Amino acid sequence: GGFIGKAPDGYINREEKTTQFEVLNYGKYRRWIERDPEQSLVWREAWDLLLEDTHTLRDICELLHAKGCRFRTGRPFVKISPKGKRTPANNGLSRIFHNWAYAGWVVSEKAGIPPKTIRGEWEAIITTEEFERGIAILDKRNQKRSRHRKHDYLLRALIYLRNEDGSVVALTCSKPNASRKGGGTPYYCVPSSRTTLPCALVEESLAAEIARIQV
């Protein structure tokens with residue numbers, strides 16, 4: 001029922017040193033997650049908007065942005081370019097709407113743990129019923145929409161860019177032209193900037209580097 005890894009947006013990682021009697025169960029540290037008093041309210045409101053079944057993901061991003069809400073990292077729900085072009089964070093919002101942790105469930109494909117089998121030891125932001133209603137709303141919309149092949153971002157949350165001054169910045173995943181014929185071009189990019197790297201170019205380079213590894 002515990003949580004391993006970085007807490008989902010809206011939660012905070014906690015840890016404490018264990019006593020000599022707890023070491024066998026938890027190791028040297030016991031780790032868990034707790035609701036973030038402020039950020040969890042952002043996601044509660046996001047789900048409330050989704051469950052009304054009248055707002056698109058773009059609408060929800062715009063409504064949250066209008067209230068000054070942001071992702072935990074500080075990333076806005078709507079990025080506005082210098083020319084005024086508005087780009088909502090639809091993909092980031094969708095990923096969170098599909099994360100069972102917010103309904104209080106431990107889910108792990110790697111460990112073979114399907115949804116609704118192990119309860120998490122943390123306070124849920126939404127109920128299981130609300131989560132499933134939200135998923136059903138999104139699925140219904142996807143069925144009506146023409147489907148484009150989704151890109152699997154191989155380096156999601158793993159790729160960084162080193163600038164000329166030596167600073168390092170994490171790259172995010174983006175597909176701003178997904179509505180174009182063929183589904184658009186996926187990029188790794190620096191948020192709120194013009195720095196974009198086509199995924200095909202980066203991932204081909206990665207494959208070449210892996211092929212050079214000898215054991």
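This is a predicted model: local features need pLDDT of at least 70, side-chain atom pairs count only at pLDDT 80 or more; totals for chains, interfaces and linings use all residues.

Trainee: Which residues of helix α3 are buried, and how are they placed around the axis?

Mentor: The general idea is that an α-helix has 3.6 residues a turn, so residues three or four places apart point the same way. In α3, which spans residues 57-66, the buried residues are Leu57, Ile60, Cys61 and Leu64. Because they cover an arc of only 100° around the axis, they are on the same side of α3. After α3 comes Gly68, with a positive phi near 85°.

Trainee: Which residues are buried in helix α4?

Mentor: In α4 (residues 90-97), they are Gly92, Leu93, Ile96 and Phe97. Viewed down the axis of α4, these buried residues fall within an arc of 135°, so they line one face of the helix.

Trainee: In what order do the strands of the open sheet stand?

Mentor: The order is β9-β10-β11, an open sheet of 3 strands with antiparallel pairing. At the edges stand β9 (172-174) and β11 (196-198); each has a single partner strand, so one side of each is left without a neighbour in the sheet. On average, neighbouring strands of this sheet are turned by 35° against each other, direction ignored.

Trainee: How many bridges join β9 to β10?

Mentor: There are 3 bridges between β9 and β10 (residues 187-189), and the two strands run antiparallel. Opposite Tyr188 in β10 stands Cys173.

Trainee: Where is Trp122 found, and is Trp122 buried or exposed?

Mentor: The loop between β6 (113-119) and α5 (128-144) contains Trp122. Buried means under 20% relative accessible area. Trp122 counts as buried because its relative accessibility is 9%.

Trainee: What distance separates the C-alpha atoms of Trp122 and Trp32?

Mentor: These C-alpha atoms are separated by 7.8 Å, while Trp122 and Trp32 are 90 residues apart along the chain.

Conventions. Residues are numbered from 1 along each chain as its sequence is written. Side-chain values use heavy atoms; hydrogens and water are left out. Buried means under 20% relative accessible area, exposed over 50%, partly exposed in between (1.4 Å probe, protein chains only). Helices (H or I, at least four residues) and strands (E, at least two) are DSSP runs, numbered from the N terminus. The arc is that of the directions from the helix axis to the C-beta atoms. Two strands pair if DSSP finds at least two bridges between them. Axes are lines fitted to C-alpha atoms, for helices over the stretch in contact, and angles run from 0 to 180 degrees between N-to-C directions.
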